[in-house]
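Morning, everyone. I have one model to walk through today.

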Amino acid sequence: MTKEKMLFTADIGNTTITIVVYREDEPLFLARINSDRRKTSDQYAYDLKQLLEAKKCGTEGFTGAVLSSVVPELSPVLKATIKDLLGTEALMVDLGVKTKLDIKCVNRGELGADLVAGAVSAKVKYPLPCLIWDLGTATKISVLDENGAYLGCTISAGIKMCIEHLGSGTSLLNPIEIKAYNKPFGNVTFDSIASGTIVGTAVMLEGLSERIMQSLGYESMCIVITGGLAPIIANSVEKYQPIYDKSLINDGLKLIYEYNQGGIKNE
């Protein structure tokens, strides 16, 4: 009997680690655990073992793993965790791996591995040209042209960061719960902060996207929205109809893993 291929993928972010496990080409589940720079490899192994068992997946049968990370101090920790727990070496997305993505950035090394993986995925899954709205610790827009080349991105503070800094820097504006919201202004403090941060982020994304299209001479672009806060922001968007893809980055990690099975080289 042929052994089914199991692939572990993880996108290590500043706030959460997004995990998708694939059996052959099918995703079994998507889950998030908190990023914690203080945890050891053994502690992460315990967390992941509990998660995999809860998802009825277990730790046996993994034939590969691939990671993207924007937290350098966690990269070796998670690699060691995967080796010890799953018995396989994890491929880390960096400049040394094949991505089939034409990156036009001046310094390719500055581009986050999560943005690379998301672009690799969008290039395959969606019409081009394309914008990727990534809503996480930071709010980002990646720009792909009609040939799938990565032209660049915008980066701004994420919603949670804005709300937390607003609360810590003022005496009377306390942090609020982040939830779906679409009023353009408020007459109580909660509504006022929500309109400024949640609706404000949606309007910023719309405005920046319009300017990007104008600067490139495109009448329209496919817009994909991903990240932990994507559903909340999508509810506040009026000008466009972004496609919500919760596993965009992990799907890109899977593709990158497959591209590198014949050997690792820079492309």
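Predicted model: local features only at pLDDT ≥ 70, side-chain atom pairs only at ≥ 80, totals over all residues.

Helices first. Two packed helices are described by the angle between their axes and the distance between the axes. Take α3, residues 113-125, and α7, residues 248-259. Their axes come within 7 Å and cross at roughly 85°. Angles from 65 to 115 degrees count as roughly perpendicular, so α3 and α7 are roughly perpendicular to each other.

Who makes the contact? On α3, Asp114, Val116, Ala117, Gly118, Val120, Ser121, Ala122, Val124 and Lys125 take part. On α7, the residues are Leu248, Ile249, Asp251, Gly252, Leu253, Leu255, Ile256 and Tyr259. By class, that contact has 11 nonpolar, 3 polar and 3 charged residues.

Next, the rings. How many aromatic pairs does the model have? The count comes to 1. The partners are phenylalanine 8 and phenylalanine 62. Their geometry is edge-to-face, 6.3 Å centre to centre, with 70° between the planes. Phenylalanine 8 sits in strand β1, residues 6-12, and phenylalanine 62 in strand β4, residues 62-69. The pair therefore ties together parts that are 54 residues apart in sequence. Buried or exposed, these two phenylalanines? Phenylalanine 8 and phenylalanine 62 are both buried.

Two lysines also sit over rings. The charged end of lysine 39 is over the ring of tyrosine 44, 5.6 Å from its centre. Lysine 254 lies over the face of tyrosine 22, at 5.8 Å from the ring centre.

Tyrosine 44 comes up again with two other residues. One is threonine 81, in helix α2, residues 75-86. Threonine 81 has 0% relative accessibility, so it counts as buried. Beyond its neighbours within four places in sequence, threonine 81 is in contact with Ser41, Tyr44, Ala45, Leu48 and Leu86.

The other is asparagine 34, in strand β3, residues 26-34. Asparagine 34 counts as exposed, because its relative accessibility is 58% and the cut-off for exposed is over 50%. Not counting residues up to four places away in sequence, asparagine 34 touches Thr15, Thr16, Ile17 and Tyr44. Asparagine 34 and leucine 229 are 195 residues apart along the chain, and their C-alpha atoms are separated by 15 Å.

Back to Leu86, which also contacts threonine 59. Threonine 59 is in the loop between α1, residues 41-54, and β4. Is threonine 59 buried or exposed? Its relative accessible area is 17%. Buried means under 20%, so threonine 59 is buried.

Now the backbone. Most residues other than glycine have a negative phi, and most peptide bonds are trans. Where are the exceptions here? A cis peptide bond joins leucine 128 and proline 129, with omega about 0°. Proline 129 is in the loop between α3 and β6, residues 130-135.

Lysine 56 is not a glycine, yet its phi is positive, about 60°. Lysine 56 is in the loop between α1 and β4. At 75% relative accessibility, lysine 56 counts as exposed.

Lysine 100 also has a positive phi of about 60° without being a glycine. Its place is in the loop between β5, residues 90-92, and α3. Lysine 100 is partly exposed, at 43% relative accessibility.

Threonine 40 is in the loop between β3 and α1. Its relative accessible area is 39%, so threonine 40 is partly exposed. Threonine 40 and leucine 74 are 34 residues apart in sequence and 9.1 Å apart in space, C-alpha to C-alpha.

Asparagine 14 is in the loop between β1 and β2, residues 16-23. At 35% relative accessibility, asparagine 14 counts as partly exposed. Asparagine 14 and leucine 74 are 60 residues apart along the chain, with their C-alpha atoms separated by 9.7 Å. Leaving aside neighbours within four places in sequence, asparagine 14 is in contact with Ser35, Arg37, Val70, Val71 and Thr137.

That's the tour.

Note on methods: Residues numbered from 1 in each chain as written. Heavy atoms only, no water. Helix = DSSP H or I, 4+ residues; strand = E, 2+ residues; numbered from the N terminus. Buried < 20%, exposed > 50% of the residue type's maximum accessible area, 1.4 Å probe, protein only. Contact = heavy atoms within 4.5 Å. Axes fitted to C-alpha atoms, helices over the stretch in contact; angles between N-to-C directions. Parallel < 35°, antiparallel > 145°, perpendicular 65-115°, else oblique. Nonpolar A, V, L, I, M, F, W, Y, C, P; charged D, E, K, R; others polar. Phe/Tyr/Trp six-rings, centres within 6.5 Å; stacked < 30°, edge-to-face > 60°. Lys NZ or Arg CZ within 6 Å of the ring centre and 35° of its normal.
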